[in-house]
Amino acid sequence: MFRYVADISNLSHFIIKNFLENKVVAIDGTLGNGFDTDFLSDNFEKVYSFEIQKDACNKYENKNNVEVINDSHHLFKDYVKEDVDCIMYNLGFLPGGDKGVTTMHITSLQSIKIGLEMLKSGGIMTICIYKGHIEGQIEETCILSYLSKLPKSKYGVMSHNYLNRAEAAPLLVVIEKK
Ligand SMILES: C[S@@+](CC[C@H](N)C(=O)[O-])C[C@H]1O[C@@H](n2cnc3c(N)ncnc32)[C@H](O)[C@@H]1O
């Protein structure tokens, strides 16, 4: 059983837990089944969690420090009026749900751009990208193209890719703001 390379979601949790200094406010850009939101709830004072599917929002067993927002993540600024220490995305469709409802490259990219503005100095953004479906492949191209042009004086951008798995294996991108 692998420990480090087994799962990119767990890896994103590990990175946030161990490398982010201030854990005050976080955003989960994609609530889904709530695993990332639970992780953020355990580690941050306040969490905003976005999800377009009402059923998923209703299913989430809410915690005191979590605000679930049934709207799209490209509208962060309509709901979050403060800068944040951390933003997580697990793109794609809801595991066990409707595979036709997926994050879309235009709104994902809009959200990432706005999120980077909202990220405090020293903050971390993580993005899990799933390439096993066509929209995920488009997301990968657009997002990596945008992130690769970010000024290195302000952002550190690192991609974690599997080299010996299928071409469609997921990848984790981590952005740290100076
Ligand atoms: C891979 S799942 C998220 C997994 C989740 N983080 C977890 O821990 O279970 C992706 C989720 O993003 C949601 N989603 C799709 N487009 C969205 C958008 N524009 N804004 C917010 N959520 C969106 C989907 O409905 C789906 O539930």
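**Ligand site and charged pairs**

Student: Which residues come nearest to the ligand?
Tutor: T30, D36, E51, Q53 and S72 come nearest, out of the 22 residues around the ligand (near means a heavy atom within 4 Å of the molecule). Keep in mind that this is a predicted model, where local features need pLDDT of at least 70, side-chain atom pairs count only at pLDDT 80 or more, and totals for chains, interfaces and linings use all residues. Residues are numbered from 1 along each chain as its sequence is written, and side-chain values use heavy atoms, with hydrogens and water left out.

Student: What does Q53 do with the ligand's oxygen?
Tutor: A polar side-chain atom of Q53 sits 2.8 Å from an oxygen atom of the ligand.

Student: OK, new topic. How many salt bridges are there?
Tutor: The whole structure has 5 salt bridges, meaning a side-chain nitrogen of Lys or Arg within 4 Å of a carboxyl oxygen of Asp or Glu. In one of them, K120 pairs with D85, with the closest N and O atoms 3.5 Å apart.

Student: Where do K120 and D85 sit?
Tutor: K120 is in strand β5 (residues 119-129) and D85 in strand β4 (residues 84-90), so the pair ties together parts 35 residues apart in sequence. Strands here are DSSP runs (E, at least two residues), and helices are H or I runs of at least four, numbered from the N terminus.

Student: Is D85 buried or exposed?
Tutor: D85 is buried, at 4% relative accessibility (buried is under 20% relative accessible area, exposed over 50%, partly exposed in between, with a 1.4 Å probe and protein chains only). K120 counts as partly exposed at 28%.

Key:
Polar contact = N/O pair within 3.5 Å; in protein donor to acceptor, adjacent residues only side chain to side chain.
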